[in-house]
Protein chains: 2
Amino acid sequence: MYNYIGIDLGGTNIKAGLVDEAGNILKRASRPTLREREYSKILNDIEAIAREVSEGADGEIKGLGIGVPGACNNRDGVIVYTANIKMKNVPVREFFRERLSYPVYVENDANCAALGEYSMLPEKPRDLIFITLGTGIGSGLILDGRLYTGFNGIAGEAGHIIIMPDGIKCGCGRQGCWEAYGSVTALIRQTKEYAMAHPESKLREACGKDFELLSGRTAFTLARQGDMGGKAVVDKWISYVAAGITDMVNLLQPSVVLIGGAISNEGDFLLKPVIENVERDRYKSDVPQTEIKIARWGNDAGLIGAAFLGK
Amino acid sequence: MYNYIGIDLGGTNIKAGLVDEAGNILKRASRPTLREREYSKILNDIEAIAREVSEGADGEIKGLGIGVPGACNNRDGVIVYTANIKMKNVPVREFFRERLSYPVYVENDANCAALGEYSMLPEKPRDLIFITLGTGIGSGLILDGRLYTGFNGIAGEAGHIIIMPDGIKCGCGRQGCWEAYGSVTALIRQTKEYAMAHPESKLREACGKDFELLSGRTAFTLARQGDMGGKAVVDKWISYVAAGITDMVNLLQPSVVLIGGAISNEGDFLLKPVIENVERDRYKSDVPQTEIKIARWGNDAGLIGAAFLGK
């Protein structure tokens, strides 16, 4: 029986998990990322927690995979670029070659999560698109049963398809990217805008005097209570989320789209209107249609997927 | 040596070609589609021209592929839907089972063209996205060296990704689809709008008194002569074309994007600004970038690709 090590390299913490063939996380460890550090110190800590979780492991370790919040070239084992951690063209596989007895893989964290969710499905669909709604919008594509990363390794940047030409400036430099409208960051901005435009509204009150209570949940909580302001904000935001999903459905016709990120805890309250929007707008044809569902494995998906890069 | 039969089922004509292993079209035949007819009559004519081109063929015929202007399910050999020809859920493979001694394939015409262009490249890229700018925008995806059609067979409808929310109504029912802005039909509309808004302009004159001279070439011809109106129309239209390409590059990072359709005869005058737009807007990362080129094989790409469905 083989085991695999998954690393989730985040802006705040580095998490490690020892994962068995079935995707069970047998042992966990974590360290703070301290992201201002030189990259070699971060890689040293990855090695340390990898050793920590593999101590006393039953089976042989078959590989270590690192999920990275940025662009990777997994063919060469290089972290190309991360926005939040100081890494640019870091030859991670090379770094660990003499230090670890098993191969090392690097992959974008949303791609890892896509692979994790896919691997844990009892019946594998042909294709799966995973999107994660958070600070930005991440995505990972499983096409024809395999992780699709493009010829250069950085495909799946669904957050940077344009849904609003000449729209709000995105962190990537372009205007009107999907993540500038459909991320949780955008939802919070949209909630605040509504609250400021309607100073007497319940939504304004729920944000707190200095907006100290404002979060991605604020509008959802009020919408669930039937508040019109909350509902207006949520409806609009969901229409943005659905716009990007519809584009991907029209282009790629995947078997399944999974929605992840903490906001997906809103469950059917998020999912049902997303499905209604996509159903209304998708390219119609008399063939089976893409299923849209909430992702199941939360943060563990990234860990499992990273581990399974070596599977 | 094997031969293959390719059929290009168009709204006006049905064309057949006998194609050898290398993609040479050895013999051609065609009949009018007469698209108002019952589908069985059209299929009878396909059989007739297939026999015509295969007469006296040197090698064994290995298969017949039909490129269809609509949605196909090639797994079952069914034409699901075409907008311009009366076909809905037509079991084409079944129809020919007793009549022809070789297998029959059906596939969307833009997918066939993508496969044709790909097959004729001396060095195969990993991925290729083919787009054809015409009445609408068609596209075909070769991902990881294989034609990608989605789990339901109808993927690659790039013309129906949204580039302008709440924009112009598209034939598909949605608003702001790429093809409502970046097709040649859209270019003609945009040329006419400019001409009507500027009645004293050269562009207005070039359209003819009753717009009888207006075509997709009108603005390009004037732009080449340095006319500001022509240039304004062409620049705007190219920005729309580039917007959709940028979305696909960000999402799929293909090795190559090929631009086809008659308008691609504009060559570098079209290509260079498209590349500049995409280069400005694409998601930046320090990795090799997608090449954008003009497609090479024109109408023959669809015929060759259809033939090679059986390869």
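1. Hairpin in chain B. Strand 6 and strand 7 of chain B form a hairpin, with five residues between them. Strand 6 covers residues 78-82 and strand 7 covers residues 88-91. The two strands pair in the antiparallel sense over three bridges. Within that pairing, I79(B) stands opposite V90(B) in strand 7 of chain B. Please keep in mind throughout that this is a predicted model.

2. Relation of the two chains. Chain A superposes on chain B by a rotation of 180° with 0.0 Å of shift along the axis. The RMSD of that superposition is 0.0 Å. That is the relation of a two-fold axis. As for the interface, 100% of the interface residues of chain A are also interface residues in chain B, so the copies meet through the same surface.

3. Helix 8 against helix 8. Two packed helices are described by the angle between their axes and the distance between the axes. For helix 8 (residues 228-252) of chain A and helix 8 (residues 228-252) of chain B, the axes come within 12 Å and cross at roughly 85°. Helix 8 of chain A is therefore roughly perpendicular to helix 8 of chain B. Which residues meet here? From helix 8 of chain A come M248(A), L251(A) and L252(A); from helix 8 of chain B come M248(B), L251(B) and L252(B). By class, this contact has six nonpolar, no polar and no charged residues.

4. The open sheet of chain A. Five strands form an open sheet in the order 3-2-1-4-8 in chain A, and the pairing is mixed. Strand 3 and strand 8 (104-108) of chain A are the edge strands, each pairing on one side only. The twist averages 20° from one strand to the next. One parallel pair joins strand 1 (residues 2-9) and strand 4 (residues 60-68) of chain A, over six bridges. There, Y2(A) stands opposite E60(A) in strand 4 of chain A.

5. Helices on the sheet of chain A. Helix 10 of chain A packs on the sheet and touches strand 1, strand 2, strand 3 and strand 4 of chain A. The direction of helix 10 makes about 125° with that of strand 1 of chain A. Helix 1 (residues 39-54) of chain A lies across strand 1, strand 2 (13-20), strand 3 and strand 4 of chain A. Helix 1 runs at about 150° to strand 3 of chain A.

6. Helix 3 against helix 10 in chain A. The axes of helix 3 (residues 109-119) and helix 10 (residues 300-308) of chain A come within 6 Å and cross at roughly 90°. That makes helix 3 of chain A roughly perpendicular to helix 10 of chain A. Helix 3 of chain A contributes C112(A), A113(A), L115(A), G116(A), E117(A) and S119(A). Helix 10 of chain A contributes A301(A), G302(A), I304(A), G305(A), A306(A) and F308(A). The residues of this contact divide into seven nonpolar, four polar and one charged.

7. Side chains of opposite charge can pair when their charged atoms come close.

8. The open sheet of chain B. In chain B, five strands form an open sheet in the order 3-2-1-4-8, with mixed pairing. Its edge strands are strand 3 (25-32) and strand 8 (104-108) of chain B, and each pairs on one side only. Neighbouring strands are turned by 20° against each other on average, direction ignored. Strand 1 (residues 2-9) and strand 2 (residues 13-20) of chain B run antiparallel and are joined by seven bridges. The bridge partner of I7(B) in strand 2 of chain B is A16(B).

9. Helices on the sheet of chain B. Helix 10 (residues 298-308) of chain B packs on the sheet, touching strand 1, strand 2, strand 3 and strand 4 of chain B. Its direction makes about 125° with that of strand 1 of chain B. Helix 3 (residues 109-119) of chain B lies across strand 4 (60-68) and strand 8 of chain B, at about 100° to strand 8.

10. Backbone at L34. Phi of L34(A) is near 45°, a positive value in a residue other than glycine. L34(A) lies in the loop between strand 3 and helix 1 of chain A. L34(B) has a positive phi of about 45°, although it is not a glycine. L34(B) is found in the loop between strand 3 and helix 1 (39-54) of chain B.

How values were computed
Residues are numbered from 1 along each chain as its sequence is written. Chains are lettered from A and ligands numbered from 1 in the order in which they are written. This is a predicted model: local features need pLDDT of at least 70, side-chain atom pairs count only at pLDDT 80 or more; totals for chains, interfaces and linings use all residues. Side-chain values use heavy atoms; hydrogens and water are left out. Copies are superposed by least squares on the C-alpha atoms of residues with pLDDT of at least 70 in both. Contact means heavy atoms within 4.5 Å. Axes are lines fitted to C-alpha atoms, for helices over the stretch in contact, and angles run from 0 to 180 degrees between N-to-C directions. Helices (H or I, at least four residues) and strands (E, at least two) are DSSP runs, numbered from the N terminus. Angles under 35 degrees count as roughly parallel, over 145 as roughly antiparallel, 65 to 115 as roughly perpendicular and the rest as oblique. Ala, Val, Leu, Ile, Met, Phe, Trp, Tyr, Cys and Pro count as nonpolar, Asp, Glu, Lys and Arg as charged, and the others, Gly among them, as polar. Two strands pair if DSSP finds at least two bridges between them.
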